[in-house]
Amino acid sequence: MNTITMNLQADKLIQEALCEDISSEDVTTNSVMKEAVMGEVELLCKEDGIVAGLEVFERVFHLLDENVKVEFFCKDGEKVKNGQLMAKVVGDIRVLLSGERVALNYLQRMSGIATYTNSVVILLEGTKTKLLDTRKTTPNMRIFEKYAVRVGGGYNHRYNLSDGVLLKDNHIGAAGSVTKAIQMAKDYAPFVRKIEVEVENLDMVKEAVEAGADIIMLDNMTPEQMKEAINIIDGRAETECSGNVTKENISRVTSVGVDYISSGALTHSAPILDISLKNLHAIS
């Protein structure tokens, strides 16, 4: 996550998270720490995984106090092990205590997504298929969660509704047919935008191809139906498979030959990676 992205988008969201956690004061910390005392705390990994979100973790503390220093011993995208020392954080103990939970929430969540994504990417090795995320993200966490997918080796689908045309079942219902929906999109959307359409059966596949869809999403089809759909499409559009795809069931579609597999589970079902701040102590 680069500095421009952090300043323009992430900072506001991090500040909102901090305000959610500290609405007026950190009464617990203020009751035990009457004045500034310099301290150090260790960032420890408590299970194996892929780390993501270290810059966000650091930024939480810097928004509270720019004088906090973080020394990292790993980088985003690296494998971390149970018991590994990931970083040391030095600063005003009051800041370390007040920022701890928000900083860890981001790091645990993002690392969990990167870890889960990577475990699915491994299952696609040796195929041409790329793994995509979806818009099934936690509200106000999308920028962080989609970044974590990339760190884990996956790819981002469209970022939001302004980012591309994806005609789903209800859009098709509103337009009246697959053909009408695609034509309306061609008439309205800028010509540089690809048009993707979600289809649920082979008749819709044929209609989408004839209407000139750029990408055809095969939704909740059996592997046999998908293979037949790919034969019908015959290279005239890119293909995407979707519909409750998880780590546990992705093996049923890995040999089908679609260009992309999209999985909402990458962001909505990934468990956190257990990471803690431990051994806080005063330093001179």
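Two strands count as paired where DSSP finds at least two bridges between them; helices (H or I, at least four residues) and strands (E, at least two) are DSSP runs, numbered from the N terminus. The model is predicted, so that local features need pLDDT of at least 70 and side-chain atom pairs count only at pLDDT 80 or more, while totals for chains, interfaces and linings use all residues. Residues are numbered from 1 along each chain as its sequence is written, and side-chain values use heavy atoms, with hydrogens and water left out.

**Figure 1. Overview of the chain.** The chain contains 10 helices and 12 strands, and its C-alpha atoms fill a box of roughly 75 × 40 × 25 Å along the principal axes. Of the 284 residues, 50% are buried (under 20% relative accessible area, with exposed over 50% and partly exposed in between; 1.4 Å probe, protein chains only). Among contacts (heavy atoms within 4.5 Å) with a separation of 6 or more, 70% join residues 24 or more positions apart.

**Figure 2. The antiparallel sheet.** An open sheet is formed by 4 strands in the order S3-S5-S1-S12, with antiparallel pairing. Strands S3 (69–72) and S12 (275–282) stand at the edges with a single partner strand each, so one side of each is left without a neighbour in the sheet. From one strand to the next, the twist averages 20 degrees (axes are lines fitted to C-alpha atoms, for helices over the stretch in contact, and angles run from 0 to 180 degrees between N-to-C directions).

**Figure 3. Strand S1 and its two partners.** Strand S1 (residues 38–45) is joined to S12 by 6 bridges and to S5 by 7 bridges, antiparallel in both cases. Gly39 has Ala282 as its bridge partner in S12 and stands opposite Gly91 in S5. Because 7 of its 8 residues are buried, S1 is largely enclosed by the rest of the structure.

Figure 4. Helix H3 (residues 54–64) lies across S1, S3, strand S5 (85–92) and S12, and runs at about 160 degrees to S3. Helix H4 (residues 93–123) also packs on the sheet, where it touches S1, S5 and S12. The direction of H4 makes about 165 degrees with that of S12.

**Figure 5. The parallel sheet.** A further open sheet consists of 6 strands in the order S6-S11-S10-S9-S8-S7, with parallel pairing. Its edge strands, S6 (130–132) and S7 (165–167), each pair on one side only. Neighbouring strands of this sheet are turned by 25 degrees against each other on average, direction ignored.

Figure 6. Strand S7 pairs with strand S8 (residues 195–199) in the parallel sense over 3 bridges. Within this pairing, Val197 in S8 is the bridge partner of Leu167. Helix H7 (residues 178–188) lies across S7 and S8, running at about 165 degrees to S8.
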